[in-house]
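Dear colleague,

Please find below the structure I am handing over to you.

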Amino acid sequence: QRTNTAVTVLVMVLLSSLSTTILLLPPLLFFSATSDGFLTNNNYNKRVTTTMSRPPRRLTIDKRLAAEGEALPVPPGMDGVHVGVPFDSTALYEMEQLYVSNVYVMANKSSKPMVEHFVKTLKEMGFLAAPLNCDVSMGGAEDGLLKACNEAAEVKADCVLTIGGGAVQDAGKLVRLWLSAADGEKATVKGIQAAQNRDPMPPLPPQICCPNSFAMAELTHVAGLVTKDNVKSGAAHPSMMPTVVIFDTDLSRGLPDWVKFGTALRGVEHAIGAICHPKATDDIRARALQGLELVNKGLKGMVQNPDSEEAQVNCYLGGWMAIRALNTGCYPSIAHLIQNHYSARFNVHQGSCSGILSARILEYHRQKSLLYQITIARALDTGNDGDQPLPHAATFVSDLVATLPGVAKDHADANVDEEMLREFAEYMYNQHGEKLNRLSPKPFCSAEDFLEMLTRPIATL
């Protein structure tokens with residue numbers, strides 16, 4: 001039956017246009033040579049879609065780009081991850097594997113020019129459920145999210161394809177959650193969040209994620225959104241884990257620096273958050289350190305050449321290791337919690353939140369996490385021959401941030417003044433003080449403690 005489906009798809013494409021034919025030929029050749037050119041994970045996925053078994057869980061990484069792939073398991077609940085491959089032909093292959101034919105496509109505005117031809121192909125094949133949606137804004141603002149939920153429900157989409165950054169990937173998870181719950185009514189944040197609490201959870205439509213950056217939202221089952229009141233919220237459930245991830249470095253070409261370097265910096269944040277987390281194990285810390293070294297290498301490579309395929313893949317693989325470490329019992333970290341709220345309150349991209357806050361937070365709890373911070377410093381130290389004293393981890397992070405184009409380095413870069421910071425400190429301590437102190441190696445005794453951390457001069461770290 002799968003063979004018949006593949007033949008049908010090929011015939012449809014051949015009849016549609018010559019350009020579409022060219023687009024479909026690569027996956028047939030590409031995946032037929034998987035055993036020679038790619039690393040394959042043979043751990044089988046036992047889940048069932050309708051009456052047909054799902055395909056084996058699989059991992060493909062171009063061997064020219066990275067040897068670390070063998071150490072990367074496909075995340076639980078996911079069918080496959082493909083790194084360094086063409087997104088369009090690979091997505092068509094996966095749609096055939098998933099037996100879907102009514103695909104709702106979401107992309108951020110910066111990705112729109114690169115995906116319009118592929119969307120046209122889906123329309124010609126009869127697979128496009130609705131016009132391309134580009135309404136999800138930074139952080140997953142409520143209005144754009146609810147519009148996408150309602151559109152997907154109206155056309156009864158059987159798959160969600162998300163192309164872009166973390167906000168779009170998270171929005172896709174929430175759209176799937178709503179698709180499994182909608183019964184004619186319009187979507188609301190409360191309705192989406194209520195859907196995450198169903199027991200048993202009904203099957204969700206599959207999601208194919210094509211990230212254009214390094215936020216790593218596509219590798220978790222957590223989804224964030226920002227309400228109309230600029231409050232960070234969201235939903236989480238194991239069933240919300242995306243089905244397939246395809247990382248194609250071509251999608252990042254032309255991205256503004258604040259997106260490319262800011263999302264890669266989040267990989268550093270995820271790693272150090274896992275390493276210093278009170279609940280981290282030795283295994284979690286080892287994986288996070290490995291990821292930290294790769295992201296650091298990738299970031300320095302992208303500073304030299306922003307479009308370097310090898311550097312971008314290093315950032316992606318390292319970010320993957322880091323986010324999987326963080327999500328193995330350590331989510332959220334102290335920095336993750338603070339920066340999520342800072343981002344929502346002041347409308348600052350999370351990469352810049354890391355640029356402004358990461359080193360400050362590390363320095364705040366340095367004495368209580370010193371042994372772990374020494375391992376962070378060693379992972380980030382690429383130029384010390386051992387003759388000089390090892391600088392603090394916070395120093396390495398702030399020095400790295402200083403080299404990254406487009407990433408905010410201090411509050412003033414994000415138009416956040418001292419009075420705004422004081423109000424933020426009082427809000428965080430009064431509303432989230434107990435949670436902050438569960439996550440921080442060093443507790444905050446007052447809002448003034450929190451404010452002192454926020455305002456510590458970078459030059460003193």
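Predicted model: local features only at pLDDT ≥ 70, side-chain atom pairs only at ≥ 80, totals over all residues.

I begin with helix α6, which covers residues 142-154. Several residues of α6 are buried, namely Glu 142, Gly 144, Leu 145, Leu 146, Ala 148, Cys 149 and Ala 152. Among the elements that cover them are the strands β5 (103-107) and β8 (222-226), together with the helices α7 (166-179) and α8 (189-195). Just after α6, Lys 156 has a positive phi of about 55°.

The next point concerns helix α9 (residues 257-275) and helix α11 (residues 309-326), which pack at an angle of about 35° with their axes 8 Å apart. Their crossing is left-handed. On the α9 side, the residues in contact include Ala 264, Gly 267 and Ala 271, while those of α11 include Cys 315, Gly 319 and Ala 322. Sorted by class, this contact has eight nonpolar, five polar and one charged residues.

Finally, is Ser 354 buried or exposed? Its relative accessibility is 1%, and because buried means under 20%, Ser 354 counts as buried. Ser 354 lies in helix α13 (residues 350-364). Its side chain makes a polar contact of 2.8 Å with the side chain of Gln 339. Leaving aside neighbours within four places in sequence, Ser 354 is in contact with Leu 265, Arg 266, Glu 269 and Gln 339.

Yours sincerely

Notes: Residues numbered from 1 in each chain as written. Heavy atoms only, no water. Axes fitted to C-alpha atoms, helices over the stretch in contact; angles between N-to-C directions. Helix = DSSP H or I, 4+ residues; strand = E, 2+ residues; numbered from the N terminus. Left-handed = near helix turned anticlockwise from the far one by under 90°. Contact = heavy atoms within 4.5 Å. Nonpolar A, V, L, I, M, F, W, Y, C, P; charged D, E, K, R; others polar. Buried < 20%, exposed > 50% of the residue type's maximum accessible area, 1.4 Å probe, protein only. Polar contact = N/O pair within 3.5 Å; in protein donor to acceptor, adjacent residues only side chain to side chain. Expected span 1.5 Å × (residues − 1).
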